[in-house]
Amino acid sequence: MTINEIQEEIISEFSDFDDWMDRYQMLIDMGNEQPALPDEYKTEQNLIDGCQSRVWLWAELKDGRVHFRAESDALIVKGIVALLVRVLDGQTPADILSADLYFINAIGLRDHLSPTRSNGLLAMLGQMKLYALAFQAKGA
């Protein structure tokens, strides 16, 4: 699926709920459904700077596509990073770098996050794009 197809799928899923408590629960469920990050990847090097919670992000390039794994020690943040992984995992570095992640505003996520969580969201996205840029620079 393309990045935009995945975003449209997420927008549709979130549109089923009007209440933000239900949407937060959906985020928590998404985070809990994500496979656990192996302890070997929970290193200082994989911690994302700028997040109030602890968020680990690991990436590898395989067959020209970036694969992400992530985890957080905070429930909602774990759901947010699970959403980002869902959208960007398995995409090419070029597609990740050029992506307009409009789903964040479309589902109202940015409006319902505290300033520290908003900063964390930007830090997570920034780190994912840095991985894509590094892989692209290596000639992927």
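**Close-up views of a predicted model**

Asp-39 is exposed, with a relative accessible area of 62% (exposed means over 50%, buried under 20% and partly exposed in between, using a 1.4 Å probe and protein chains only). This is a predicted model in which local features need pLDDT of at least 70 and side-chain atom pairs count only at pLDDT 80 or more, while totals for chains, interfaces and linings use all residues. Residues are numbered from 1 along each chain as its sequence is written, and side-chain values use heavy atoms, with hydrogens and water left out.

**View A. Asp-39 pairs with Lys-42 in a salt bridge.** The closest N and O atoms of this pair are 3.9 Å apart (a salt bridge is a side-chain nitrogen of Lys or Arg within 4 Å of a carboxyl oxygen of Asp or Glu). Lys-42 is partly exposed, at 30% relative accessible area. The structure holds 4 salt bridges.

**View B. Arg-86 forms salt bridges with Glu-9 and with Glu-13.** For Glu-9 the closest N and O atoms are 2.7 Å from each other. Arg-86 lies in helix H3 and Glu-9 in helix H1, so this pair ties together parts 77 residues apart in sequence (helices, H or I of at least four residues, and strands, E of at least two, are DSSP runs numbered from the N terminus). For Glu-13 the closest N and O atoms are also 2.7 Å apart. Arg-86 is partly exposed at 26%, as are Glu-9 at 32% and Glu-13 at 25%.

**View C. Helix H1 (residues 3-15) packs against helix H3 (residues 75-88).** Their axes are 8 Å apart, at an angle of about 140 degrees (axes are lines fitted to C-alpha atoms, for helices over the stretch in contact, and angles run from 0 to 180 degrees between N-to-C directions). H1 and H3 are therefore oblique to each other (under 35 degrees counts as roughly parallel, over 145 as roughly antiparallel, 65 to 115 as roughly perpendicular and the rest as oblique). Among the contact residues are Ile-3, Ile-6 and Phe-14 of H1 and Leu-83 and Val-87 of H3 (contact means heavy atoms within 4.5 Å).

**View D. Arg-23, in helix H2 (residues 20-33), is buried yet has no salt bridge.** The nearest side chain of opposite charge, Asp-18, is 5.3 Å away (Lys and Arg count as positive, Asp and Glu as negative; His and the chain ends are not counted). Leaving aside residues up to four places away in sequence, Arg-23 touches Phe-14, Ser-15, Phe-17 and Ile-107.
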